[in-house]
Amino acid sequence: MRARLTKLFRFEAAHTLPSLPEGHKCRRMHGHSFKVEISIEGEVDETIGWVYDHKHISKAMKPLMELLDHGYLNDIEGLESPTIERLAGWFWKKLEPDLPGLAEIVIYETPTARCSFKGEF
Ligand SMILES: Nc1nc2c(c(=O)[nH]1)N=C([C@H](O)[C@H](O)COP(=O)(O)OP(=O)(O)OP(=O)(O)O)CN2
Ligand SMILES: [Zn+2]
């Protein structure tokens, strides 16, 4: 049996989008309550009944959450122009080495806007 396992995280952060045209409201510094869904896929271990302990996802995310939460995203290496697309790619590169079967990352920037990414660079 194969299954997909998803863990949800959230962080608060400020950003600007400096590449946008002069006058665009997103060039002004502002903040979001970001939500991040990390999904892995794999075979379910027949004895234990899980793909792997979702604690592994939390452990891999901990240093990233500490870096991002209440931070200014533009100051973080690789996030100089922090759209949700860029954030999704950034999370993928950071997490892939530690999370076997990483399948999808979804970033919510507002209640109505999200980006999903499956590792296709
Ligand atoms: N493709 C993307 N488009 C936009 C991004 C992004 O990362 N990728 N980001 C932004 C800004 O961060 C902006 O702050 C988002 O806020 P807003 O435009 O107000 O978003 P809403 O979902 O609330 O927009 P409504 O259309 O008013 O519902 C902008 N675009
Ligand atoms: Zn924004």
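How many bridges pair β4 with strand β5 (residues 113-117), and in which sense do they run? The two strands pair over five bridges, in the antiparallel sense. This is a predicted model, in which local features need pLDDT of at least 70, side-chain atom pairs count only at pLDDT 80 or more, and totals for chains, interfaces and linings use all residues. Residues are numbered from 1 along each chain as its sequence is written, while chains are lettered from A and ligands numbered from 1 in the order in which they are written.

**View 1. The whole protein has two helices and five strands.** Helices (H or I, at least four residues) and strands (E, at least two) are DSSP runs, numbered from the N terminus. Along the sequence the pattern reads β-β-α-β-α-β-β. The C-alpha trace spans about 60 × 25 × 25 Å along its principal axes. Contacts mean C-beta atoms, placed from the backbone, within 7 Å of each other. Among contacts with a separation of 6 or more, 62% come from residues 24 or more positions apart.

**View 2. Strand β4 (residues 102-110) pairs with strand β2 (residues 30-43).** Two strands pair if DSSP finds at least two bridges between them. Here six bridges join β2 to β4, and the strands run antiparallel. Lys35 stands opposite Tyr108 in β4.

**View 3. β4 and β5 form a hairpin.** Two residues lie between the strands. Thr110 stands opposite Ala113 in β5.

**View 4. His15 sits in strand β1 (residues 2-15).** A residue is buried if 20 or more other C-beta atoms lie within 10 Å of its own, exposed if 12 or fewer, and partly exposed in between; C-beta atoms are placed from the backbone. His15 is buried, because 23 other C-beta atoms lie within 10 Å. Not counting residues up to four places away in sequence, His15 touches Leu73, Asn74 and Pro82. Of the protein's 121 residues, 18% count as buried.

**View 5. His32 lies in strand β2.** His32 is partly exposed, because 18 other C-beta atoms lie within 10 Å. His32 touches Ala13, Glu109 and Thr110, again not counting residues up to four places away in sequence.

Note on methods: Two residues are in contact if their C-beta atoms, placed from the backbone, lie within 7 Å.
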